[in-house]
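Please take a moment to look over the chain as a whole before reading on. The paragraphs below then lead through it one part at a time.

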Amino acid sequence: MAPSFDWWAKGSHKGTPVVVKMENPNWSMVELQAPSEDDFLIAGNTPTGSREKARGKNAKQLTWVLLLKAHRAAGCLTSIGSALVALGSAIRRRVASGRTDTDTDNDHETETTSSNENKTVKTRFYNCIKVFLWLSLLLLCFEIAAYFKGWHFGGAPKLQLQYIFTAPKFGVRDLFDLLYSGWVLIRVEYLAPPLQFLANVCIVLFLVQSIDRLVLCLGCFWIRFKKIKPIPKQDAVADLESGEDGFFPMVLVQIPMCNEKEVYQQSIAAVCNLDWPKSKLLIQVLDDSDDPTTQLLIKEEVHKWQREGADIVYRHRVIRDGYKAGNLKSAMSCSYVKDYEFVAIFDADFQPTPDFLKRTVPHFKDNEDVGLVQARWSFVNKDENLLTRLQNINLSFHFEVEQQVNGIFINFFGFNGTAGVWRIKALEESGGWLERTTVEDMDIAVRAHLQGWKFVFLNDVECQCELPESYEAYRKQQHRWHSGPMQLFRLCLPDIIRAKVNSEAPFCSMKQLLSFVKLNRSSVVLISTFILVLYFNGCRLACGRNSI
């Protein structure tokens, strides 16, 4: 018999009502009031009937609350299932079409470079991925079926390795047994040895990474203990303080941007306020925006600063080949660039301090072998949320430890793409900006180092910027940063091997190779983790075979 709910409508009720809001398909509990005083009366002062009624009411209320909780949990499970189905459908569509998230977000950019890609190779690559996934699922089902039939190691004696190697060719009972036995033999004969080798390689890479981190940390400690930092020559500083007649070389400032509607004003204003003689400073706003409204806004901002006396020009490319590298290469081809000795590069979301050039350019004076002076980044929104705090920790280690130690001891590190000053002669001798990879900053740094140029990192000179505050923006940024290093390694490895042997070395080429390993640490760790996972599945097979 269904329980009676007449007590729910009584006005004199002092119990614990539960207001339920029904919204198809989910129910939600809107309000749960506290118990009344009658529910806590002493047993001796309360009639027995009242106590029994209160107990019944509380039991009914608890039943309804539990039902609501169960319904909500079922709704959550349903939503999770729907999300997984949608995710699987999206993956299937992406793999079938051979498209990535970056391709979807940058369709207009992909059109300019699609002709340069080999579509046949790309299609074959995705077909290989699909074949591998289907084969993995098939083998997984195979293993599950064999496990439930008791064919795993230690279960059925006829599938021990000793039996498999010594049993007659047709000694198994049925076709499925024969297939499984053959699969075990293949794993032992052909899969376990290469997995063992790759696992050993991963262990070596892990030791190299660990030693690298240890050396970097010890180097950072030594720099802190000895208070070592790059110091410009005193006459260069004195020349800056002497006024217009001091050391003020011709400096070109470039601001590459593309559809930067939110931050273009701050970056242009910060660069126009640099403390440097106006006659020896030229600012190029390199706008690759394809949005006419954004182009108009940036052009108006440039005209505003021109009216205020800043030497600033606006450049827009009609054919946007090569992305940022192509943009910088096009700007360096201007005829007036030959009159300038140095070029400072700032991305659209960076705001240098007014004394930035006065603290970086003096390091070039009387140091003809210095090709780059790099400043570190500081973040205005580092405490915005957990993601920005974690990024701040990661990038602080990159600047404080990796780049500072490499700059002090070996005069080489990867150019960060912004907040740096290049000697134009170093760029020209290194071949200039190339569009062959998405990491043009790392590319030019390696080629300049191979030409003998030295780099200086200034940990005490900061340039403000913003960190991605959402995971989606962070994911896109990391994709751009990590999609090109391995390709660059393949392209530059012959140049590294053929590098001229100088007085430093037999050790110089190894130093450059280790620098690549450090710059590609994320890829190495990812591959190593994958190989180690496979190793744990194959090592027991190798051990079983050796025990025969």
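**A walk through the model**

Helix H9 is followed by Gly309, whose phi is positive, near 105 degrees. This is a predicted model, in which local features need pLDDT of at least 70 and side-chain atom pairs count only at pLDDT 80 or more, while totals for chains, interfaces and linings use all residues. Residues are numbered from 1 along each chain as its sequence is written, and side-chain values use heavy atoms, with hydrogens and water left out. The names of helices (H or I, at least four residues) and strands (E, at least two) refer to DSSP runs, numbered from the N terminus.

Helix H9 itself covers residues 292-307, and its 16 residues reach 23 Å from the first C-alpha to the last, close to the 22 Å expected at 1.5 Å a residue; the expected span is 1.5 Å times one less than the number of residues. Which residues of H9 are buried? They are Thr294, Gln295, Ile298, Glu301, Val302 and Trp305, where buried means under 20% relative accessible area, exposed over 50% and partly exposed in between, with a 1.4 Å probe and protein chains only. An α-helix has 3.6 residues a turn, so residues three or four places apart point the same way. The face of H9 turned away from its buried side carries the exposed residues Pro292 and Arg307, whereas the buried residues pack against strand S3 (251-257), helix H8 (264-272), strand S4 (281-287) and strand S5 (312-316).

We can turn next to the nonpolar cores, each a set of buried Ala, Val, Leu, Ile, Met, Phe, Trp, Tyr and Cys residues joined through side-chain atoms within 4.5 Å. The largest one has 77 residues, and those with the most contacts inside it are Val253, Ile268, Ile312, Leu357, Trp422 and Phe455. Strand S9 (residues 454-465) gives the most to this core, with 7 residues. Apart from it lies another core, of 5 residues, among them Cys220, Ile223, Val401 and Val405. If neighbours within four places in sequence are left aside, Phe455 is in contact (heavy atoms within 4.5 Å) with residues including Leu372, Asn411, Phe412, Trp422 and His449.

Trp422 also belongs to strand S8 (residues 420-423), from which Gly420 and Trp422 point one way and Val421 and Arg423 the other way, and all are buried. In a regular strand the side chains alternate between the two faces of the sheet. Two strands pair if DSSP finds at least two bridges between them. Strand S6 (residues 342-345) runs antiparallel to S8 and is joined to it by 4 bridges, with Ile345 having Gly420 as its bridge partner. Strand S7 (residues 370-379) pairs with S8 in the antiparallel sense over 3 bridges, and there Val373 stands opposite Val421.

Two loop residues deserve a separate look. Most residues other than glycine have a negative phi, and most peptide bonds are trans. Lys227, however, has a positive phi near 55 degrees; Lys227 lies in the loop between helix H6 (175-226) and helix H7 (234-241), and counts as exposed because its relative accessibility is 73%. Asn411 likewise has a positive phi, of about 55 degrees, although it is not a glycine. Asn411 lies in the loop between helix H12 (386-409) and S8, and at 25% relative accessibility Asn411 counts as partly exposed.
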